[in-house]
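Please keep the sequence and the 3D view open while reading.

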Amino acid sequence: MPVVFTSLLGPDIDALVHRNGGAVMLGEPCHLYTETPQVWLDHQAMIRNNSLEYNWIVITELFPDGLPEAMFEAYGALLDPLGADATSWEAPVPDDLAPAE
């Protein structure tokens with residue numbers, strides 16, 4: 001599957017810019033798009049304002065209607081609690097995601 005993980009993880013981007021004497025980003029980006037040949041899904045992740053931000057750029061025409069949106073929603077339902085509550089890291093894997101025996 002042609003999937004890319006674009007990581008800007010590390011220091012908080014906004015804090016880093018501000019600490020180095022630059023201007024804090026002027027508002028939120030209204031367009032965030034990359035185009036890489038033969039990539040169906042580009043997962044982008046970064047830390048901004050001490051918070052994990054992530055998005056997917058997907059060629060929706062390559063998937064059944066509604067599938068990318070459903071996948072992203074399910075992914076967020078699993079990922080978001082990890083940042084909200086440290087005990088989530090110890091929670092059992094949901095049955096529908098557990099490895100087959």
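## A residue pair in the sheet

Strands here are DSSP runs of E with at least two residues, helices are runs of H or I with at least four, and both are numbered from the N terminus; two strands count as paired if DSSP finds at least two bridges between them.

The model is a predicted one, in which local features need pLDDT of at least 70 and side-chain atom pairs count only at pLDDT 80 or more, whereas totals for chains, interfaces and linings use all residues. Residues are numbered from 1 along each chain as its sequence is written, and side-chain values use heavy atoms, with hydrogens and water left out.

## The sheet

Three strands form an open sheet in the order β1-β2-β3, with mixed pairing. Because β1 (3-8) and β3 (51-58) stand at the edges with a single partner strand each, one side of each is left without a neighbour in the sheet. Neighbouring strands of this sheet are turned by 15° against each other on average, direction ignored, where axes are lines fitted to C-alpha atoms, for helices over the stretch in contact, and angles run from 0 to 180 degrees between N-to-C directions.

Strands of a sheet pair through backbone hydrogen bonds, in either the parallel or the antiparallel sense. In this model, β1 pairs with β2 (residues 41-48) in the parallel sense over six bridges, and V3 has L41 as its bridge partner in β2. The pairing of β2 with β3 is antiparallel and extends over eight bridges, and I47 stands opposite L52 in β3. These two strands, β2 and β3, form a hairpin with two residues between them, and N49 in the turn has a positive phi of about 50°.

## Order of elements and packing

The protein has two helices and three strands, and from the N terminus on its elements run β-α-β-β-α. Helix α2 (residues 67-84) lies across β2 and β3, running at about 165° to β3. Among contacts (heavy atoms within 4.5 Å) between residues at least 6 apart in sequence, 44% join residues at least 24 apart.

L78 lies in helix α2 and is partly exposed, with a relative accessible area of 40%; partly exposed is the range between buried, under 20% relative accessible area, and exposed, over 50%, with a 1.4 Å probe and protein chains only. The C-alpha atoms of L78 and V93, which are 15 residues apart in sequence, are 9.4 Å apart in space.

## Burial and surface

Of the 101 residues of the protein, 20% count as buried. Strand β2 is mostly covered, with seven of its eight residues buried. In β3, where N55 is found, this residue is buried too, with a relative accessible area of 18%; its C-alpha atom is separated by 8.3 Å from that of D42, 13 residues away along the chain.

The accessible surface of the protein comes to about 7800 Å², of which 61% belongs to carbon and sulfur atoms; such areas come from the Shrake-Rupley method with a 1.4 Å probe, and for residues only the protein chains shown count as cover. M1, V3, W40, I59 and L62 form a nonpolar patch on the surface, with about 480 Å² of accessible area together. Patches are made of residues with over 30% relative accessible area and no salt bridge, joining like charges within 9 Å and nonpolar side chains (Val, Leu, Ile, Met, Phe, Trp, Tyr) within 5 Å, a salt bridge being a side-chain nitrogen of Lys or Arg within 4 Å of a carboxyl oxygen of Asp or Glu. M1 has its place in the segment before β1 and is exposed, with a relative accessible area of 68%.
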